[in-house]
Amino acid sequence: MAMTPVEALNAGFAQSGAIRFETRFDGPVACLSHRGSTAIVALQGAQVLSYVPAGGTELLWLSPVARLGTGKAVRGGIPVCWPWFGPHPEDGSKPAHGFVRAALWHLTATSAEHDGVRMVLDFDATAIDPALWPHQAGVTLSVELRDKLKVTLETVNTGSTEIALTQALHTYLAVGEVCDVVISGLDGRRYIDQLDPSAAPVQSGPIRIAAEVDRIYQGSSDTVTVADPSLKRTIQIAKAGSASTVVWNPWTVKGARLGDLGADGYRHFVCIETANAGADIKTLRPGARHSLMQELSTGPLLKSA
Ligand code: BG6
């Protein structure tokens with residue numbers, strides 16, 4: 001009898017005690033574990049859906065109505081926005097945030113060592129309809145679970161034309177009450193306010209969220225910290241290959257319009273996105289590659305936060 005997709009994944013890629021495959025949210029996912037830390041990664045969209053650090057609680061928000069296989073990206077976790085961030089720059093009829101977040105990726109490798117576990121997924125962008133995207137590229141997402149969670153999105157231009165790439169690891173961080181969190185690491189950075197693109201404000205001090213927020217911070221390569229008094233923790237988002245950071249929360253009206261957040265979902269996450277967006281466009285000549293990396297970790301809440 002033919003193996004089910006999950007059986008085939010386990011036969012080819014399971015790592016004893018470290019990586020196994022299951023059906024969750026109606027689709028195939030990889031369940032990673034390492035020294036008390038766990039992560040769940042969907043093959044759809046190469047989307048990390050869960051990360052629980054050893055001794056801690058869930059760092060990623062996932063909509064209670066999340067389902068794989070609907071043709072839409074799952075709301076929550078870490079969707080991959082590629083090869084454009086936000087609306088397509090010239091053609092609004094193309095999907096927002098590119099076309100890989102709802103597509104099935106191919107698992108190419110897993111490994112389990114004493115210091116962590118790793119899986120690698122590929123998206124083959126050589127076969128994309130040129131009407132959607134007239135380039136060729138190889139795209140790889142690797143997920144490494146160690147004492148932190150490291151996600152790396154690598155693009156190589158395998159075609160003969162230059163690629164202007166914008167992208168994001170669109171991370172939904174789980175928070176107790178979004179209006180109580182304090183986001184630091186972006187002080188003094190100029191940002192594009194997507195709710196009022198004519199303005200080019202400069203951030204002064206930490207960010208607090210008390211209304212819809214949709215901003216692309218420019219010149220921001222530093223670690224961002226989210227202090228969460230309700231959950232009594234901080235989350236650190238460290239990164240490389242990214243000089244822009246998106247901060248997003250839809251708040252009440254847009255949250256209701258989105259329709260896939262669950263009741264009051266907006267209160268329980270903030271997106272801190274490791275991006276190349278706004279003026280931070282990566283130009284890849286034929287043969288060139290770019291790597292976008294994000295590392296998540298958590299720590300105690302400092303008294304001053
Ligand atoms: C953010 C954008 O990155 O993603 C917002 O800055 C957008 O403008 C949000 O609303 C969610 O996008 P989507 O396509 O997942 O609903």
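Strand β7 (residues 116–124) has the lowest mean pLDDT among the elements of the protein, at 96, while β11 has the highest, at 99. The model is predicted, and its mean pLDDT over the protein is 96, with 99% of residues reaching 70 or more.

**Largest pocket**
- The volume of the largest pocket is about 590 Å³.
- Its lining comprises 30 residues, and Arg-75, Ala-96, His-97, Arg-101 and His-170 are the closest to the pocket centre.
- At least two lining residues come from each of β11 (167–174), β17 (244–249) and α2 (251–258).
- By residue class, the lining of the largest pocket consists of 16 nonpolar, six polar and eight charged residues.

**Second largest pocket**
- The second largest pocket holds about 360 Å³ of space.
- Among the 16 residues that line this pocket, Trp-84, His-88, Pro-89, Glu-90 and Ala-164 lie nearest its centre.
- Its lining divides into 11 nonpolar residues, four polar residues and one charged residue.

**Val-120 in strand β7**
- Val-120 belongs to strand β7.
- Val-120 counts as buried because its relative accessibility is 10%, and buried means under 20%.
- Beyond its neighbours within four places in sequence, Val-120 is in contact with His-106, Leu-107, Thr-108 and Ala-109, as well as with Thr-140, Leu-141 and Ser-142.
- Val-120 lies 21 Å from His-97, C-alpha to C-alpha, with a sequence separation of 23 residues; His-97 is one of the residues closest to the centre of the largest pocket.

How values were computed: Residues numbered from 1 in each chain as written. Predicted model: local features only at pLDDT ≥ 70, side-chain atom pairs only at ≥ 80, totals over all residues. Heavy atoms only, no water. 1 Å grid on protein atoms, 1.4 Å probe; cavity = no way out; pocket = protein on both sides within 12 Å on 5 of 7 lines; lining within 4 Å. Points joined across faces, edges and corners; volume = space filled by probe spheres on them. Helix = DSSP H or I, 4+ residues; strand = E, 2+ residues; numbered from the N terminus. Nonpolar A, V, L, I, M, F, W, Y, C, P; charged D, E, K, R; others polar. pLDDT = per-residue confidence, 0-100. Buried < 20%, exposed > 50% of the residue type's maximum accessible area, 1.4 Å probe, protein only. Contact = heavy atoms within 4.5 Å.
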